[in-house]
Amino acid sequence: MTRRGTWARHFPGGGPGRTKRKAVALAAVTAILLPIAACGTSGGDRGVPRPDHIVVVVEENRSYSSIIGNSEATYINELARSGASLTNFTAITHPSQPNYLALFSGSTQGVSNNSCPYTFTARNLASQLLQADLTFAGYSQSMPSVGFTGCTSGAYARRHNPWVNFTNVPASANLPWTSFPRDYADLPTVSFVIPDVENDMHDGSVRRADTWLRDNLGGYARWAMTHNSLLVVTWDEDENEDGGTNQIPTVLVGEQVRPGDYPRPNNLYGLLRTLLDAYGLPRIGHAAEMEPLDIWSK
């Protein structure tokens with residue numbers, strides 16, 4: 001058999017020149033299709049779906065056992081039953097402020113106290129989103145104005161607002177709670193909601209915080225179930241600063257969440273990793289060392 005005949009037998013479409021052209025064409029098509037696929041509802045090959053909107057609410061100073069099963073937290077337990085409840089999830093340290101920084105930037109930034117103010121230039125969730133032409137906003141209850149940099153104002157505390165500390169996050173993303181959109185379709189890609197110290201369980205009761213969450217974000221939780229969106233409710237730390245496991249409740253509710261209890265160990269860095277993976281963003285700080293949450297229905 002001639003050499004041409006050998007190629008014809010193994011490559012019915014033609015000889016080596018034509019085969020090479022086919023390979024080049026296939027590579028070109030693949031290069032076009034892969035970015036298109038990445039823009040769909042998947043976070044790429046990382047196993048985390050891509051919600052249209054994510055809202056993260058951070059509560060204060062309660063352990064898992066203080067909330068899950070507590071009749072004073074009726075609404076939060078309702079969310080836990082209808083969504084994913086992480087039953088072995090921990091904060092990073094004590095006190096509050098370094099945990100907020102950890103969740104937002106993948107590092108405590110060397111902070112070990114609640115002092116104010118701090119200024120950082122490190123990469124963070126907001127800067128990663130903005131660099132990818134996505135959007136971010138933080139909504140803090142009782143903060144008096146857009147871009148406010150004061151340490152306190154009434155029941156507002158800057159130590160619970162990590163994005164204000166980063167020079168690569170614009171002041172326009174630092175918003176009072178009153179700016180939260182009534183039309184949830186107008187929400188940024190990712191947003192944080194920080195109740196003030198009277199409504200986050202820090203100074204007020206569990207029942208008061210539970211009621212505030214239901215009254216102010218219950219509508220979004222229902223909407224997220226049918227609009228490819230996600231609500232995350234987590235805590236900064238437990239109440240046992242002198243020891244213990246620092247285990248905190250964390251509940252996720254959304255259209256692509258598979259309801260149930262999830263005992264696999266994870267922490268606030270792993271939650272950040274999940275948020276980054278959802279949009280195919282580079283993993284930053286200690287988030288790169290963690291696995292994303294595996295709680296999805298698809």
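I take buried to mean under 20% relative accessible area, exposed over 50% and partly exposed in between, with a 1.4 Å probe and protein chains only. The model is predicted, and I note that local features need pLDDT of at least 70, side-chain atom pairs count only at pLDDT 80 or more, and totals for chains, interfaces and linings use all residues. Residues are numbered from 1 along each chain as its sequence is written, and side-chain values use heavy atoms, with hydrogens and water left out.

**Entry 1: N124**

I looked up N124 and found it buried, at a relative accessible area of 0%. N124 sits in the loop between α5 (96–105) and α6 (125–131); helices (H or I, at least four residues) and strands (E, at least two) are DSSP runs, numbered from the N terminus. I then checked its polar contacts, each a pair of N or O atoms within 3.5 Å; within protein, one must be able to donate a hydrogen and the other to accept it, and residues adjacent in sequence count only if both atoms are side-chain atoms. The side chains of N124 and N168 make such a contact at 2.9 Å. A polar atom of the N124 side chain also lies 2.8 Å from the backbone nitrogen of S127. Leaving aside residues up to four places away in sequence, I list F104, S105, F166, N168, V169 and I284 as touched by N124, where contact means heavy atoms within 4.5 Å.

**Entry 2: α4 and α7**

I examined how α4 (residues 74–82) packs on α7 (residues 206–224): the angle is about 40 degrees and the axes are 8 Å apart. Axes are lines fitted to C-alpha atoms, for helices over the stretch in contact, and angles run from 0 to 180 degrees between N-to-C directions. The pair is therefore oblique, the class left once angles under 35 degrees (roughly parallel), over 145 (roughly antiparallel) and 65 to 115 (roughly perpendicular) are set aside. From α4, I record T74, Y75, I76 and L79 in the contact; from α7, D210, L213, R214, L217, G218 and A221.

**Entry 3: backbone**

Most residues other than glycine have a negative phi, and most peptide bonds are trans. I noted a cis bond from H94 to P95, with omega near -5 degrees, and another joining C116 and P117, with omega about 0 degrees. P117 is placed in the loop between α5 and α6.

N228 is buried at 13%, whereas S142, with a positive phi of about 70 degrees, is partly exposed at 34%.
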